[in-house]
Protein chains: 2
Amino acid sequence: MHSEIPPLFLDDLVVGQTYDTDELQVTRDDIIEFATKYDPQPFHLDDAAAAASLFRGLAASGWHTAALTMRLLVDSGIFGGGGVGAGMQVNWPTPTRPGDILFVRATVATITPSRSKPDRGIVEVHCETLTRDGQLRQDLMAKLLVFRKHSAA
Amino acid sequence: MHSEIPPLFLDDLVVGQTYDTDELQVTRDDIIEFATKYDPQPFHLDDAAAAASLFRGLAASGWHTAALTMRLLVDSGIFGGGGVGAGMQVNWPTPTRPGDILFVRATVATITPSRSKPDRGIVEVHCETLTRDGQLRQDLMAKLLVFRKHSAA
C-alpha cells in the first residue's frame, strides 16, 4: 500500500513531496520493554500507576515513539544514501498507546544544497507519526544531511 | 559522585541551576542492539560499513543517545513528579561510540508557571550529554511539564 517510496537522494527531492511509510503495531510489551531500558517512569511501566497519572493509562515514552518513527523511515527506504540527523525538533501531542498502528507521513519542507561540498545538502523533512485513524503521536521536523546519488554516507 | 541531585519540582527550581547525572558506559553490543531494533542503517550495525561511511567507525543512532540521555536523567531522580516532554530540540554534534562513558549536565534555562493550572509549569532544561573527557554527544533543549510538590504526574 505504501510501497512506491523513492529513496531520498538530493537529486530526487522536491519541496512539498509527501511519502507515507508502511505501518507497524505497538504492543503493551513493546512499551514496557523500551521504558524498562530507557525511560523507567511509572506511567510508562505499570497500568495502575499510569491510570492514576496525567496520561490516564499506559503511555509509551516519547523517545520510544521517536525510535519507532526512525524504524518506519529506515524501512521505507526513504534514506537512499543514509539518513544522518543534523538537528531535530520533536513534539508529542498525544502519547503512543498499546495497540496503536503507526505510520509516518514525511513531507519535504526545505532543500539547501551545500555550498562547499557539492555531493550533499541539508533537507528539512516534516515527519508526522500518525495512528491509522489519524491521531498525531509525534511531530518531528528533521534536519537531515542528504547525499547526491553515488555519494552515499 | 553525582549523588546530590534534588528532585525537579517546580518549587525548587532556579534558572541557572546545573545538575550532573551519574555515568553509564555504552558498549558495541548496546549500539548494535538498539540499531537492529530502531535504526538499522549500516553505519550503526556493522564495523566495515561504518568504517567506509561518513562516521569512519561504528556510531550509535542519535535516537539511542537520546534514549540513554533519558535513562540517565530518570535515574538521577531529577524528575521528582515525572518528566513529561512538551517539546524537544535535539542535535548530535558527534556520534556516541563504543566504550563511551556518558553523563548528562542539565541546566535550568527558563521557568514558566502555568497561568490556568497553578500546580504546574513549563521548564526548559538544557541537557548536554557528554563523554567523561568532555566531548559533546548530544545537545538537547527539553521543554518539560513540571509539577509542584504533592501534585505529581
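How many residue pairs are in polar contact across the interface of chain A and chain B? The rule finds ten, both residues at pLDDT 80 or more. A polar contact is a pair of N or O atoms within 3.5 Å, one able to donate a hydrogen and the other to accept it; residues adjacent in sequence count only if both atoms are side-chain atoms.

This is a predicted model, in which local features need pLDDT of at least 70 and side-chain atom pairs 80 or more, while totals for chains, interfaces and linings use all residues. Residues are numbered from 1 along each chain, chains are lettered from A in the order written, and side-chain values use heavy atoms without hydrogens or water.

Start with the symmetry. Chain A can be laid on chain B with an RMSD of 0.0 Å by a turn of 180° and a shift of 0.0 Å along the axis (least squares on C-alpha atoms of residues with pLDDT of at least 70 in both). The two copies are thus related as by a two-fold rotation axis. Gln89(A) comes closest to that axis among the residues of chain A, at 2.2 Å (C-alpha).

Now the interface. The contact (heavy atoms within 4.5 Å) takes 39 residues from chain A and 39 residues from chain B. In chain A, Tyr38(A), Leu54(A) and Trp63(A) lose the most area to chain B (accessible area, 1.4 Å probe). Two salt bridges are counted between the chains (a Lys or Arg side-chain nitrogen within 4 Å of an Asp or Glu carboxyl oxygen). Glu33(B) forms one with Lys37(A), the closest N and O atoms being 2.9 Å apart.

Finally, Trp63(B). Its contacts beyond four places in sequence include Trp63(A), Met88(A) and Trp92(B).

Definitions and conventions
Buried area = accessible area lost by both parts, 1.4 Å probe.
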